[in-house]
Amino acid sequence: MNELKHYFNAISKLNESTWDRIVPYFKEERLQKNEYFAKENKTAHQIAFLKTGVVRAYFINKEGKDYNKQFFVGQSIIGAYSSLLTGKTNLIAQQALTDCVIYTCNYAALTTLYNECPDLERFARKIAEYYFLEKEKKEIEIVLLDASQRYVLFKKEFPTLEQLITQFHIASYLGISATQLSRIRKQFASKKS
């Protein structure tokens, strides 16, 4: 649990008394590659701290095509946030792309501590703010940047991910075809030579 504590405190320091309250809520589990943490059309009840591994958040459009909305690389928080907040079924699945170690927690149980632990509520607000900014950034990038520029940003944001996941998933995240990604990668490779 040291990684969990370090991660939380780096975002917003929690009191030791708060730690004593929340640690029992978290349970270490493993997600195998291709296993789901959050399924589409199911109501979410848990969040998790992703200790190690890679998880993708994605949806499938009307034509049946996957669109990778986000990658979570350990260490980060995962969960179907919209479903958790609204109690409605989840639209965006979260699937392990590698074997993962996670610490799961019942979201509703954790939020019952907010009134007694304002430092925990502050942490949750900061996480929500971070993901809002990430969402806005991605929306702007997809509209204002061309595929090559988005690829450069992807490599900066996720420097080791290309070695861990398939090109299909990267292309989906960038909003391009696998063929387009292959051409872009060849262009970058020839510039390095």
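A residue counts here as buried when its relative accessible area is under 20%, as exposed when it is over 50%, and as partly exposed in between, with a 1.4 Å probe and protein chains only. By this rule 40% of the 193 residues of the protein chain are buried.

The model is predicted: local features need pLDDT of at least 70, side-chain atom pairs count only at pLDDT 80 or more, and totals for chains, interfaces and linings use all residues. Residues are numbered from 1 along each chain as its sequence is written, and side-chain values use heavy atoms, with hydrogens and water left out.

**Overall form**

The protein chain has eight helices and eight strands; helices (H or I, at least four residues) and strands (E, at least two) are DSSP runs, numbered from the N terminus. The C-alpha trace spans about 55 × 35 × 30 Å along its principal axes. The radius of gyration, taken over C-alpha atoms, is compared with a globule rule of 2.2 Å times the number of residues to the power 0.38. For 193 residues a compact globule would have a value near 16 Å, and the 18 Å of the protein chain agrees with this. Contact means heavy atoms within 4.5 Å. Among contacts between residues at least 6 apart in sequence, 72% join residues at least 24 apart.

An open sheet is formed by four strands in the order β1-β8-β3-β6, with antiparallel pairing; two strands pair if DSSP finds at least two bridges between them. β1 (27–31) and β6 (76–79) are at the edges with a single partner strand each, so one side of each has no neighbour in the sheet. On average, neighbouring strands of this sheet are turned by 35° against each other, direction ignored. Four antiparallel bridges link β3 (residues 46–52) to β6, and Gly 79 in β6 is the bridge partner of Ile 47.

Helix α1 (residues 2–11) lies across β3, β6 and β8 (100–106) and runs at about 105° to β3. Axes are lines fitted to C-alpha atoms, for helices over the stretch in contact, and angles run from 0 to 180 degrees between N-to-C directions. The buried residues of α1 are Leu 4, Tyr 7 and Phe 8. Their arc around the axis is only 95°, which puts them on the same side of α1; the arc is that of the directions from the helix axis to the C-beta atoms. These buried residues pack against α2 (16–22), β3, β6, β8 and α5. Exposed residues Asn 2, His 6 and Ala 10 are on the face of α1 turned away from the buried side.

In helix α6 (residues 147–157) the buried residues are Ala 147, Arg 150, Tyr 151 and Phe 154. They cover an arc of only 105° around the axis, which puts them on the same side of α6. Their cover includes β5 (66–73), α5 (118–144), α7 (167–174) and α8 (178–192). Asp 146 caps the N-terminal end of α6.

Glu 162 is in the loop between α6 and α7 and counts as buried at 12% relative accessibility. Beyond its neighbours within four places in sequence, its contacts are Tyr 151, Phe 154, Lys 155, Gln 167, Ile 170 and Arg 185. A polar contact is a pair of N or O atoms within 3.5 Å; within protein, one must be able to donate a hydrogen and the other to accept it, and residues adjacent in sequence count only if both atoms are side-chain atoms.

| Atoms or side chains | Distance |
|---|---|
| Asp 146 side-chain oxygen, Ser 148 backbone nitrogen | 3.0 Å |
| Glu 162 side chain, Tyr 151 side chain | 2.9 Å |
| Glu 162 side chain, Arg 185 side chain | 3.0 Å |
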